[in-house]
Structure formats: structure tokens, C-alpha cells
Protein chains: 4
Amino acid sequence: MEPLEIAQQVLDAQPFSKHLGTQVTRFDTELSELVLDVRPEHKQQNGFVHGGVLSYLADNTLTFAGGTVLGTNVLTSEFKINYVRPGIGQRLIARATPIYNGKRQAVCECRVYVVNDGEEKLCAVAQGTIVNLDA
Amino acid sequence: MEPLEIAQQVLDAQPFSKHLGTQVTRFDTELSELVLDVRPEHKQQNGFVHGGVLSYLADNTLTFAGGTVLGTNVLTSEFKINYVRPGIGQRLIARATPIYNGKRQAVCECRVYVVNDGEEKLCAVAQGTIVNLDA
Amino acid sequence: MEPLEIAQQVLDAQPFSKHLGTQVTRFDTELSELVLDVRPEHKQQNGFVHGGVLSYLADNTLTFAGGTVLGTNVLTSEFKINYVRPGIGQRLIARATPIYNGKRQAVCECRVYVVNDGEEKLCAVAQGTIVNLDA
Amino acid sequence: MEPLEIAQQVLDAQPFSKHLGTQVTRFDTELSELVLDVRPEHKQQNGFVHGGVLSYLADNTLTFAGGTVLGTNVLTSEFKINYVRPGIGQRLIARATPIYNGKRQAVCECRVYVVNDGEEKLCAVAQGTIVNLDA
């Protein structure tokens with residue numbers, strides 16, 4: 001199986017990701033990309049994507065980015081996120097990359113974009129630590 | 001209406017929170033408390049609560065804590081979360097408090113607990129900035 | 001030797017802390033407290049304490065707090081700081097506590113106060129991860 | 001005067017930066033770069049650069065990056081830093097860039113490198129919010 005297929009299997013094994021409808025569209029050491037089509041139940045009171053959906057997606061994409069260099073038994077131990085624009089649009093795309101990695105952990109960064117009528121806009125930026133549970 | 005009822009209305013007006021089943025059980029300047037009963041769809045591949053659910057709950061509880069001192073038109077502009085234990089249990093309880101507030105923003109802290117067979121354990125710690133959109 | 005004396009020795013062994021003049025005034029699992037008398041060279045262009053001095057002090061106090069539960073061979077692997085008020089005064093006091101600790105790491109929180117004419121005011125809040133290098 | 005000269009003047013007006021010996025070597029919207037030659041008094045007990053020096057430099061470079069898009073009356077309101085390698089070497093170079101900016105604030109990222117015998121290595125990664133005090 002291709003790494004991207006394995007990554008999608010990992011994602012599908014997470015009931016929460018499956019429930020939200022997250023797809024992985026790229027998975028290599030240069031870039032991990034997760035995509036989520038916005039549904040009415042992903043929103044907050046003003047009709048924007050709920051911050052919790054953005055933070056979920058950032059967190060999960062950071063974990064995948066860490067997984068490209070640390071292996072599959074990884075988790076995010078901590079992260080920080082800045083929301084920069086309201087999530088107005090039909091689709092979220094999160095892209096994450098390892099900036100540094102040792103054997104035991106990786107520091108990754110992530111940017112979350114919202115696609116509105118075909119135009120991508122940055123809506124959140126995150127940085128976090130991914131830990132290799134096998135190390 | 002009581003502040004706690006208003007807080008629950010605000011929460012119910014968020015389709016994402018309504019969808020997940022979040023309740024607010026306390027809402028005053030000393031403490032904001034949000035509670036979420038864990039459902040199968042909130043989990044990740046190992047049967048623990050998904051980190052994205054913990055970060056959603058931390059984010060939202062931080063916002064409510066900020067709201068107790070800044071008013072209702074607020075949002076979390078950034079936060080940081082450390083996951084300290086896997087979320088194993090039947091219920092999540094998040095408690096947040098403003099540490100500092102001016103007119104325009106508040107810095108709040110939050111602790112997320114998981115309740116397993118009646119025993120509460122800390123599973124995440126967060127700190128973030130809540131902004132008053134009316135200022 | 002008392003733990004507090006050992007802690008001061010550790011601090012004195014850091015040329016940067018020695019150079020800035022940092023003292024440790026409490027060192028136990030409940031609280032680690034570091035104190036720094038503000039000198040002209042600690043300031044920024046407006047006469048306030050430089051943010052870098054506050055972040056140094058937060059970082060170092062977080063490390064000490066981690067050290068109370070993890071042992072002496074520790075370092076801060078990451079932290080986050082919110083500046084909430086300008087550092088106007090004659091002395092800084094930083095207080096940190098472990099919120100969670102395992103064998104390998106601790107998550108600690110820290111509050112930095114500035115003392116102006118005898119009155120303490122909160123000026124920064126931090127949260128971070130301290131790692132046990134012996135684990 | 002050139003923007004870079006103005007930036008150096010701002011830096012020299014900070015007694016703490018002057019005291020440490022920080023220089024600004026680039027200052028435009030694409031990149032702000034601050035450089036610090038490591039002195040014995042910048043170190044911790046193991047002979048590495050003290051984390052507080054790295055966090056100071058990250059913080060200050062983030063502020064400068066924000067200043068390239070927000071104007072000169074700015075400050076860092078919060079940031080997060082991950083230390084990834086010990087600071088072993090003769091010189092620190094910090095590079096920061098605005099990722100997003102509105103009128104009132106910018107979110108910037110920074111990477112801090114240590115130069116050892118001519119070789120640059122990443123030693124810290126930071127992300128933070130810079131606020132425009134004139135807005």
C-alpha cells in the first residue's frame with residue numbers, strides 16, 4: 001500500500017476524524033495535507049467554522065507531519081495555535097511540515113486555509129511537538 | 001435569565017458544540033465549566049478521547065472564561081495546550097478562569113479533566129488570549 | 001545542604017543568571033520562586049523591563065519548578081508566554097509550579113510579577129514543558 | 001535614513017539589547033534578522049547558550065518582523081518557543097517573518113540558528129503575536 005493510503009487508513013481508524021469527514025490528500029516528509037469539507041454542524045454561532053474544528057485539524061495535521069519522520073506510533077504532546085481570520089468557506093485545507101526531528105520527537109508547523117468560492121485564505125497558524133511513542 | 005442560562009444559549013447557538021453535546025455547568029468570573037459526555041465518535045484510534053475534542057473543549061471554555069469579564073462578543077485569538085494524560089473515561093470537564101483582563105482582551109487558563117468511573121484526572125492544560133470584539 | 005541552597009548553586013552556575021543577578025527564594029514542589037532586581041540594563045526603549053528579561057525569568061523558573069519533581073538534570077523544552085502588563089518597577093518575582101509530572105517530563109505554569117513601590121502586579125503568564133534528561 | 005539603520009537605532013535604544021550586543025542585519029517585510037555574538041555571560045551551566053538568550057532573541061526578532069508591517073510602535077503580546085538543539089557555537093542568528101497581518105496585529109514566526117565553526121544549525125522555533133500600539 002502507498003503511504004498516502006496508509007495515512008487515510010490511520011485517519012479512518014479515528015472515529016472523530018471519520019465523523020467529521022477528514023481526508024488526507026498528501027503525506028510525505030515535505031508536506032502532510034488534510035482536507036475537510038465544511039458542514040453546517042462544523043460552525044459556530046456566526047456561521048463561521050468553529051475554532052475547535054480548526055484546532056482539531058491543525059492538531060491532527062501536525063501529528064501526521066510528525067508521523068512522516070517518526071513513524072506511525074505518534075501523538076501531539078502540545079501545540080499552539082493563532083487564529084488569524086474567520087473560517088468562511090466550503091473547505092478547510094491544513095498543511096504541516098516537520099521543522100526539526102530527532103528520534104524521540106519532532107517540532108512541526110501547520111497552516112490552516114479556508115477555501116471560499118475557489119479562493120484559499122489563511123485562517124490559522126500552529127506549531128507543536130509530536131512524540132514518538134516507540135522511542 | 002440567569003447568566004448560566006444565557007451561557008447555555010450561547011453554546012447551543014454553536015452548531016458544533018450542540019453537535020458534540022457540550023453543556024455549561026458554571027459561568028462566573030471565578031470559573032467557567034463546560035462538560036461533555038464522551039461518545040464513541042469523540043475517540044481516536046486507541047479508544048481515547050481524540051485530542052481535537054480536548055482542544056475544542058479547552059478553546060471553548062477559555063472563550064467562556066473571557067466572556068465572563070469581557071462580555072458576550074468575544075473569541076479566542078490564540079491558545080496553547082499541553083496534553084498530559086490520555087482521555088480515558090466517560091466525561092470531560094473543562095474549567096477555565098481569567099488570569100488577567102483589560103478592556104480589550106483577557107488571558108485565561110484552562111484545565112481539562114476526564115472522569116473515569118467517578119474519578120477525575122487532569123488530561124490537558126491550556127492558556128490563551130480572548131479578545132473583546134466590541135472594544 | 002538545603003534544597004534552596006542547592007538551587008541557588010545551580011543558578012549561580014549559569015553565567016547568564018549570575019550576570020543578570022537572579023536569586024532563588026523558594027524551591028519546593030509547591031512553589032519555585034526566582035527574584036531579580038531590575039537594573040537599567042534590563043530595560044527596553046520605554047523604560048520598562050525588556051520582554052526578554054521576563055521571558056528569561058519565566059523560562060528559568062519553569063525549569064526550576066520542573067526540577068523539584070524531576071531532579072536536577074532538566075531543561076525547558078518549550079514554553080508559551082503572555083505579557084499582560086508593562087514591567088514597571090524595581091523587582092521581578094517569578095513563581096512557578098508543576099501542574100502535572102510523569103517520570104520523563106513535567107508541565108509547569110509560571111506567573112511573573114513586577115514590584116513597584118512595594119506593590120506586586122502580574123506582568124506575564126507562562127506555561128511550558130520541562131524534560132528530565134536522565135529519563 | 002535607511003530602514004535598516006532605523007531598526008538598529010531602535011535596537012540600540014533598548015538597554016537590554018545594547019547590553020547583550022544584538023545587531024540587526026536585515027529588516028524588511030520578507031525577513032527581519034537579528035544577530036548576537038555569543039559571550040561567556042550568555043551561557044548556562046553546561047556551556048551552551050542560555051535558553052533565556054534564545055527566547056529573548058526570538059521575542060525581539062518577532063517584534064521587528066511585526067514592525068515591518070505594523071510600524072515602529074509595536075510590542076510582542078505573546079509567543080511560544082520550542083528549543084530543538086542546544087546552542088553550541090559562536091553566533092546566534094534569528095530570522096522572523098510576518099505570516100499574517102491586519103492593522104492591529106501581526107502573527108509572525110521565527111527561527112533561531114546557532115553558528116558553530118561556520119555551520120548554521122537550527123536551535124529554536126517560535127511563533128507569536130505582535131501588536132500595533134497606535135491602532
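Hi everyone, let me start with a definition: two strands pair if DSSP finds at least two bridges between them. Strands here are DSSP runs of E, at least two residues long, and helices are runs of H or I of at least four, both numbered from the N terminus.

With that in hand, look at chain D, where strand β2 (residues 32–37) runs antiparallel to strand β4 (residues 91–101), joined by 6 bridges. One example is D:E33, whose bridge partner in β4(D) is D:R95.

A word on the source: this is a predicted model, where local features need pLDDT of at least 70, side-chain atom pairs count only at pLDDT 80 or more, and totals for chains, interfaces and linings use all residues. Residues are numbered from 1 along each chain as its sequence is written, and chains are lettered from A and ligands numbered from 1 in the order in which they are written.

Now, how many strands form the open sheet of chains C and D? There are 12, with antiparallel pairing, and β3(C) sits beside β3(D) in the order. The edge strands, each pairing on one side only, are β1 (23–27) of chain C and β1 (23–27) of chain D.

Over to chains A and B. Here β3(A) pairs with β3 (residues 74–83) of chain B over 5 bridges, in the antiparallel sense; A:F79, for instance, has B:I81 as its bridge partner. In total, 28 residues of chain A are in contact with 28 of chain B (C-beta atoms, placed from the backbone, within 7 Å). β3(A) gives the most to that side of chain A, with 8 residues. The copies meet through the same surface, because 100% of the interface residues of chain A are also interface residues in chain B.

How values were computed. Contact = placed C-beta atoms within 7 Å.
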